[in-house]
Amino acid sequence: MQIFAVANDPKSLEEIKTAIRKAAPDAALTGFALAGDALSAVRDGGLCPDIVFSGIEMPGMSGLVFAATLRKMLPDTAMVFVADKPQYALDAFGVRAKNYIISPLTPEDVLTELHELKKERKELNRLEVRCFGRFEVFWKGEPLKFARRQTKEVLAMLVDRRDEGITAEEMILMLWGDADDMDKAKHRIRNFLSDLRATLGSIGMQDVLIRDGARVAIRPAMLDCDYYRLLEKDSKAVKEFSDEYMSSYSWAEPTRGSLQFQKKP
């Protein structure tokens with residue numbers, strides 16, 4: 001994790017850095033006495049901080065201007081202000097600061113901010129999966145591209161089964177019915193799974209897949225899925241379901257029938 005500490009007062013800067021070091025000794029920490037130097041490190045040095053702990057009253061460039069400028073460059077970087085007085089708190093949240101902490105910053109403050117940041121990013125870094133209508137998968141708003149059509153269908157099967165998982169034999173039956181050459185069919189399934197791992201790995205989401213002996217499953221918590229939200233009785237998902245579920249796949253009919261039955265008053 002990359003962390004910036006920014007404060008023009010040497011004592012304040014050292015206090016912030018000390019708190020960060022105690023809370024996150026393995027983090028890559030860089031300190032700056034001037035906000036402009038921190039921006040140069042991003043613009044010219046290629047640094048990309050995950051979180052910035054910054055003073056707010058600074059000469060040359062105030063913390064508020066610094067935060068607004070940095071957000072244009074790195075919209076996902078979290079900004080936490082550390083100030084002696086609460087008078088700028090409203091302005092700080094106006095530039096979308098994550099928090100406003102009255103100094104001195106403590107290691108406990110830092111740990112809290114890092115924990116919240118990790119939690120937020122974990123929630124954001126989820127595959128968006130749509131099962132109502134045609135099966136579609138998105139990553140950060142863009143459709144996820146699959147090497148093969150049936151690689152995508154294998155993922156659909158795993159989503160349908162949730163954490164129950166599925167064996168290669170079951171996939172073969174669902175895709176092709178009875179296979180004349182089972183060894184060849186299993187080889188094709190292995191290729192689809194390999195493609196799927198590579199596709200998920202390309203976006204850092206390979207941990208979506210779980211292998212437990214002969215079964216392959218997914219981690220539902222890593223998906224934002226309308227089907228799963230419907231099972232949890234989410235009111236929005238209930239309204240969105242219009243009796244269509246993975247409409248491209250005939251093997252999905254049993255689940256569609258079950259959802260229709262559950263929806264009946």
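**View 1. Lining of the second largest pocket in a predicted model.** Helix α1 (10-23) makes the greatest contribution to the lining of the second largest pocket, giving three residues, and β4 is named with α1 as supplying at least two residues each. The model is predicted, with local features needing pLDDT of at least 70, side-chain atom pairs counting only at pLDDT 80 or more, and totals for chains, interfaces and linings using all residues. Residues are numbered from 1 along each chain as its sequence is written, and side-chain values use heavy atoms, with hydrogens and water left out. The pocket holds about 280 Å³ of space, a volume being the space filled by probe spheres set on grid points joined across faces, edges and corners. Its lining has 18 residues, and Ser-12, Gly-55, Val-82, Ala-83 and Asp-84 lie nearest the centre. (On a 1 Å grid over the protein atoms alone, a pocket is an open set of points where a 1.4 Å probe fits, with protein on both sides within 12 Å along at least five of seven lines, and lining residues have an atom within 4 Å of a point.) By class, the lining comprises nine nonpolar, four polar and five charged residues; Ala, Val, Leu, Ile, Met, Phe, Trp, Tyr, Cys and Pro count as nonpolar, Asp, Glu, Lys and Arg as charged, and the others, Gly among them, as polar.

**View 2. The open sheet.** Five strands with parallel pairing follow the order β2-β1-β3-β4-β5; strands (E, at least two residues) and helices (H or I, at least four) are DSSP runs numbered from the N terminus, and two strands pair if DSSP finds at least two bridges between them. Because β2 (28-32) and β5 (99-102) are the edge strands, each with a single partner, one side of each is left without a neighbour in the sheet. From one strand to the next the twist averages 20°. Strands β1 (residues 2-6) and β3 (residues 51-54) run parallel and are joined by four bridges, with Phe-53 in β3 as the bridge partner of Ala-5.

**View 3. Helices α2 and α3.** Helix α2 (residues 35-43) lies across β1 and β2, at about 155° to β1, with angles taken from 0 to 180 degrees between N-to-C directions and axes fitted to C-alpha atoms, for helices over the stretch in contact. The axes of α2 and α3 come within 10 Å and cross at roughly 5°, which means that α2 is roughly parallel to α3, a term for angles under 35 degrees. In contact (heavy atoms within 4.5 Å) are Ala-35, Ala-38, Leu-39, Val-42 and Arg-43 of α2 with Phe-66, Thr-69, Leu-70 and Met-73 of α3.

Methods
Parallel < 35°, antiparallel > 145°, perpendicular 65-115°, else oblique.
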